[in-house]
Amino acid sequence: MSKLALGLSLAAALLALVGAGSAGAQTGAVKPVLISITVKKGRPVGGIKRPTVQKNRVVRIVVVTDAGKEIHLHGYDIEKTPRIGKRTVMQFKAKLAGRFELELHSPDALLAELTVRP
Ligand SMILES: [Cu+2]
């Protein structure tokens, strides 16, 4: 093989690698489903949210609350202690199908009902 041919085949191999890499990055770059909730006086502003997502999507729940000692997503059993007035983020892959309640505790309030479609 000539030097030129070797160089070309190396370049082709590199391109193939780069191509595979970017394809992988694209699937990894699917944006999370964002669910934003603001809580005032212990109640969700605009009422209880009822988002629906497809199974295996990445879900990002962002809560800003003026009250409460815990934010709790049932079923997935994710608990976070909010800092009052700051963003509390729950991010997870929706591996379980069903309907799940997102609650504020102490004081208690239903913030959202998340439906995960199989
Ligand atoms: Cu709870």
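This report walks through a predicted model, from its overall fold to its copper site.

## Ground rules

Because the model is predicted, local features need pLDDT of at least 70 and side-chain atom pairs count only at pLDDT 80 or more, while totals for chains, interfaces and linings use all residues. Residues are numbered from 1 along each chain as its sequence is written, and side-chain values use heavy atoms, with hydrogens and water left out.

## Overall layout

The chain has 1 helix and 9 strands, where helices (H or I, at least four residues) and strands (E, at least two) are DSSP runs numbered from the N terminus. Along the sequence the pattern reads α-β-β-β-β-β-β-β-β-β. Buried residues make up 30% of the 118 residues; buried here means under 20% relative accessible area, exposed means over 50%, and partly exposed is in between (1.4 Å probe, protein chains only).

As for contacts (heavy atoms within 4.5 Å), residues 24 or more positions apart account for 62% of those with a separation of 6 or more.

## Strand pairing

Two strands count as paired if DSSP finds at least two bridges between them. The β1 and β2 pairing is antiparallel, over 2 bridges, and valine 39 stands opposite proline 44 in β2.

Elsewhere, β5 (residues 70-73) runs antiparallel to β8 (residues 98-105) over 4 bridges. Strand β8 also pairs with β9 (residues 109-117), again in the antiparallel sense, over 7 bridges. There, leucine 102 stands opposite alanine 112 in β9. The β8 and β9 hairpin has 3 residues between the strands, and serine 106 takes a positive phi near 55 degrees in this hairpin.

## The nonpolar core

A nonpolar core is a set of buried Ala, Val, Leu, Ile, Met, Phe, Trp, Tyr and Cys residues joined through side-chain atoms within 4.5 Å. The largest one has 22 residues, and Ile37, Ile61 and Leu102 touch the most other members. Strands β1 (33-40), β4 (58-65), β5, β7 (87-93), β8 and β9 each supply at least two residues of this core. The largest share, 5 residues, comes from β9.

Not counting residues up to four places away in sequence, leucine 102 touches a list of residues that includes Ile37, Ile61, Val63, Met90 and Ala112.

## The copper site

Which residues coordinate the copper ion? His72 (ND1), His74 (NE2), Glu103 (OE) and His105 (NE2) do, at 2.0 to 2.5 Å. Donors are N, O and S atoms within 2.8 Å of the metal (3.2 Å for Na, K and Ca), and water is not among the atoms, so sites may look incomplete. With angles of 73 to 162 degrees among the 4 donor atoms, the site is square planar, a label that asks for opposite donors over 155 degrees apart and all others between 65 and 115. Histidine 74 lies in the loop between β5 and β6 (78-80) and glutamate 103 in β8, so this pair ties together parts that are 29 residues apart in sequence.

Histidine 72, in strand β5, is buried at 9% relative accessible area, and its bridge partner in β8 is glutamate 103. Glutamate 103 also counts as buried, at 16%, whereas histidine 74 is partly exposed at 27%.

How values were computed
Four donors count as tetrahedral if all angles lie between 85 and 135 degrees; four count as square planar and six as octahedral if opposite donors are over 155 degrees apart and all others between 65 and 115; anything else is irregular.
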